[in-house]
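Student: Could you take me through the disulfides of this predicted model, with a close look at where each one sits in the chain and how much of it the solvent can reach?

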Amino acid sequence: MVRRTNARITRRSLYALVAILSIIISSPKQVLGQCPFGSATTISSATTVIGSGGIKSPDQVVITHDVSLGTGDTFYISGTLELSGNISTGKNSNIYVCSGGLLVIRGNLALGNQANVVVRTGGTLIVLGNVDGAQGNIDLDNDGKIVLAGTVTLNENTSMTGSTGVSYIFDSSFVPKVGAGGTVGNFDDLILNDPALLDLFSQYACPSSTPFTLTAALSGANIVLTAPSGYATYDFYAKMPGSPDTVVPLSTGGVSPTLSVAASTYLGAKQFVVYAKTGTCFQAATAPCIPPVATLSLTTPSPDCNGPIVKLDVAGGATGSKYSYYMDGSNFLYQSSANSFVKDNIGAGTHAFKVDVVSANGCNATTNTVSYTMSGSTTPTCSCGGNASYQSIDNRVENWSDASTWMVPDWLSPKVPAGMGSQPVYIKGTVTYTGNLSISGGHFIADTLIVKGDLTVNSYSLKLCPSSVLIVLGNYNGNSGGGGSTDLQGRVIVDGLINNSYSNTVTISNGGHLYGAGGATSTNGISGSVETKDNLQANDPSLYDYYMLLKCGGSGVTGGTILPSVGDPFCFTGAAVSINSTQAATPAGATYSWQGSVDSGSTWFNYGGTSAANTVSTMDLTVAGSPVVATILKLRRVATSGTCSASSNTITAYRQARTGATYHISNDVAK
């Protein structure tokens, strides 16, 4: 609905309107907003007082003396205006920097009362001196750009409130309240975000006949940055890759044009920057990243179940680099964040290997080429196991989820096995799987697999080679109906419950052990005994300690340190021997027991009895007969807290084999 309004125009008001219109029509000043400026340029290098007018594109005017803008005058810049001196603007005056326009003020900018400088979309304002004008205003439109390098004295609450572009203000004491979408940055932000504007700023910042440059060169373990001499202070920065990239100050306020930084830390920089200043004269220059000097070496470990192998190692890549491995020219093998790679199934003949190093900073390099001649038999040899699609790298401690853990055929994807499924897995190093692991298909463990969760088997075949270790920190679920078999020639520790059915056979042979630390609900199908945690501690104390470290590493349980008063080792002849604690076991609420091993044997037995004290508990030792007959006796203390325990050091007692009375060792008496 449109509301009807009746307005009455009197003769007096009509005369007033005509008067106002006549003033506007007769005024020589241009109306606001005339961008771009299309008329002829109205000033020259000799101008001292700038009136209403402008500079058309692509005209360029350079004025080397101070100038002023008249009161109420409006000036438009579509070309370039470079002022070497100062400029002052009168009351209610306006400067518009239009799209493509550039206003560079090497001196100071003084704004009159209610004077405005507006940088339109695509325009740029650079002020190398100071900005003074508490009653004036500077604003930007959209992607207009401003660099204010000196001190800024403006009203923070009123000036720049309409700015929606990017303002780089080096005076940290001035914090304007820019408009919605507007941003304010400092010199570091200019380096990081706008290299084109940085180059433009550097071009005008300081008149110099000598180009201002920065070089970055690798010298031994350092990167040497060198800028031209002759400036009062130098600030050096490194632009480091990331999300987002960051600018790191290397040195600020220094007087030397040269700086050395550690290559190990800054070889991965995307860019180096120097910022030099003498008075109001600024200069900035950048140097690109430094390509890494990467060297490739090749070794030939023993063949594995996929045939002869070569191991490629790269030295010199920057942190965060990616490595692309090639054989025989452009034959791509694998890309990984690991600087080593093992290639198996090497055929006969001479092969050439190289690696492309792709750095996170964009500086890439190619290593030297290494040749290797494969002669003789290429038949796979296996001491345990067989062909496997996924093989962990030997003699390495890795996480299952890391691609660098695995040697994978070129054709196979993904490069990290999702579990022990249809593609065979061969564990050769020490690998930790975090989560619940399911096994189906045929797999091999030649070294160590740690499962931080439950292990479930179904329609599977698993071989644990001699000396191998499988530690399950959850439950073992072997009660599925799918059937399968485990050839257990190594050592298996299950921290939780063992639950196995007849359909899944577990054959323990060749010195293998199955330790059920948490007990068992069903041992059907297991050929051999399920041993306890105490058996593990007695039979294999080093493996027990490793298992306890995995299970209770953060629990704070320690066995402390024990030492007999007469030294270790000591000869026991029946005299009183006090076995003291030089380091208390923890925690205070733990219980303590003693274990012994006779005649350098590997089997430990319990003496029995516990004590809440942190010193040795009382023991009765019989030289001949029960409980022990020995020439050499080793003793240790075991601290237990909840389900976690730890052992002290071991002390050794030598004594004659003889019959006689029972000897009693305590802290202070013998009998």
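Tutor: Cys289 and Cys363 are joined by a disulfide, with an S to S distance of 1.8 Å. The torsion about the S-S bond of this pair is 90°, and the link is right-handed. Cys289 belongs to the loop between β25 (281–288) and β26 (295–299), while Cys363 belongs to the loop between β31 (349–358) and β32 (364–366), so the bond ties together parts of the chain that are 74 residues apart in sequence. As for accessibility, Cys289 and Cys363 are both buried.

A search of the whole structure gives two disulfides, and the other bond to consider is that between Cys35 and Cys98, whose sulfur atoms are 1.9 Å apart. Here the torsion about the S-S bond is about -70°, and the disulfide of Cys35 and Cys98 is therefore left-handed. This pair links distant parts of the chain, 63 residues apart, with Cys35 in the loop between α1 (11–26) and β1 (49–50) and Cys98 in the loop between β8 (94–97) and β9 (102–105).

Conventions:
Residues are numbered from 1 along each chain as its sequence is written. This is a predicted model: local features need pLDDT of at least 70, side-chain atom pairs count only at pLDDT 80 or more; totals for chains, interfaces and linings use all residues. Side-chain values use heavy atoms; hydrogens and water are left out. A disulfide is a pair of cysteine sulfur atoms within 2.5 Å. Helices (H or I, at least four residues) and strands (E, at least two) are DSSP runs, numbered from the N terminus. Buried means under 20% relative accessible area, exposed over 50%, partly exposed in between (1.4 Å probe, protein chains only).
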